[in-house]
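Take a look at the sequence and the model below. Then read on for a short tour.

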Amino acid sequence: MDLTKLLPILAEGFLVSIKIFALTLLFSIPLGFVVSALKMCKIPPVRWIINAYILIMRGTPLILQIMFIYFAPTMLFKADAPPDRFWAVIVAFSINYAAYFAEIFRGGIQAVPKGQFEAAQILGFNKMQTFFKITLPQVIKTVLPSIGNEVITLVKDTSLAQVIAVSELFALAKKQASTQFSVMPLFVAGVFYFVFNWLVTLLFDLGEKKLSYYK
Amino acid sequence: MAMLEVRNLRKCYDDLEVISDISFDVNEGEVLSVIGPSGSGKSTMLRCINQLERITSGSVCVCGENMITGEKNGEAVYASADVLKKIRRNVGLVFQNFNLFPHFSVLRNITEAPVSVLKISKEQAEAKAMELLGKMGLADKAKSYPCELSGGQQQRVSIARALALSPQMLFFDEPTSALDPELTGEILAVIKELAAEKMTMVIVTHEMAFARDVSDRVIFMDGGVIVEEGVPSELFGNPKNERTKQFLKRYSENTFKGDK
């Protein structure tokens, strides 16, 4: 089979991968902010729950978490039917990445000097204004390189969705490879990931450059 | 008229009492300097009056508004959020480390609070900011970012930022301690100018010669209490308390030698 036939098949899978990628970012970044806020919360039981959540999310393989989200409803909770495969993947990815993002955000928020909050308080900014005008812009600058790291990892992690038979790029490439007795499809899939991550890297470099106007 | 009335102010961190029992007044147009060794509670007192620290007991009255309404179980009870907000609008604080917002230009550092807190139009706020920057000799720095300025320039911007909210009263928490002697001079000149305009100010400082020249009254603090209080000529020229004498001796040997 030549490339002209292979590429449309892989492109279709890549579209699914990008959907997983985009939806995960869409949900996990705001969720990560909420989790980081809860982790810094003054009520101990809330912190314990958040700590346990982060420990589990970072301490077990994502591939296992995907399987758990997909199989647990029927096997543990006696649901009639398993959840939608695609959305099971989105849920698993989102709660997993939120745990990582939460720790990055917490580091970023704690890196903002205390004096910034005091100055904001003295000038009369309310909590919302302080967060959006003073804290968040400085947090974004601090966390951007670490977020870039996670985002790049996420692009490659989308290939884990194959474990519950979601037809993303890697699953389709593997299928093509075995039917054709060729590693070519896998190699081409690798190029897809690589080029996409190259773009992601350029985007983050651009972001860092845009924020380099202050120290 | 007393702009600030502090009565029996106490501040404890758990069992550690850092301010024991402080009472003083500041009248309208008056400049009060607070001197004393490190750890004597000067800055903590300033932070208590500016609501950055909770006071343990006592009362603070700013421009006729009571910050503390009473006491319950040995803890001060604060006034309603509205009253506290009103008090906050009447006072400004200049920090030792400037605490400018690094991601905002000099101009935006000054205009942000008037625009988003006082709801003044952007044009009006910018006009006032430019006027203040002109006064600080920094009109050409409006578009710069804090990281591009010297420490002295940053502190002048932070004074302009405080003045932009038209406070009734201005507090300085060791405004020159992060600056080298040369830059210290620029800040002291600005504060002297404000004093000449009859701005009510409380200045915590280690600059003895400056405190002597600019203040109407000086408080010497040590160990969380006011040890001595008086007009500068008295307190510096003829201190009554042994501890004050001991503290000032170091300075009279160094600072005042060249003056005479």
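This report covers confidence, a sheet with its helices, and the nonpolar cores.

This is a predicted model, where local features need pLDDT of at least 70, side-chain atom pairs count only at pLDDT 80 or more, and totals for chains, interfaces and linings use all residues. Residues are numbered from 1 along each chain as its sequence is written, chains are lettered from A and ligands numbered from 1 in the order in which they are written, and side-chain values use heavy atoms, leaving out hydrogens and water.

The model scores ipTM 0.91 and pTM 0.87. Chain B has a mean pLDDT of 92 (the predictor's confidence in each residue, from 0 to 100).

Chain B holds an open sheet of 6 strands, in the order β8-β9-β10-β3-β11-β12, with mixed pairing. Strands are DSSP runs of E, at least two residues; helices are runs of H or I, at least four; both are numbered from the N terminus. Two strands pair if DSSP finds at least two bridges between them. β8 and β12 of chain B stand at the edges with a single partner strand each, so one side of each lacks a neighbour in the sheet.

Contact means heavy atoms within 4.5 Å. Axes are lines fitted to C-alpha atoms, for helices over the stretch in contact, and angles run from 0 to 180 degrees between N-to-C directions.

| Helix | Strands touched | Angle |
|---|---|---|
| α2 (residues 81–90) of chain B | β8 and β9 of chain B | about 60° with β8(B) |
| α6 (residues 181–196) of chain B | β3, β9 and β10 of chain B | about 150° with β10(B) |

The largest nonpolar core has 46 residues, including L4(B) and F24(B). Such a core joins buried Ala, Val, Leu, Ile, Met, Phe, Trp, Tyr and Cys residues through side-chain atoms within 4.5 Å. Buried means under 20% relative accessible area, exposed over 50%, partly exposed in between (1.4 Å probe, protein chains only). Strand β2 of chain B gives the most to this core, with 5 residues.
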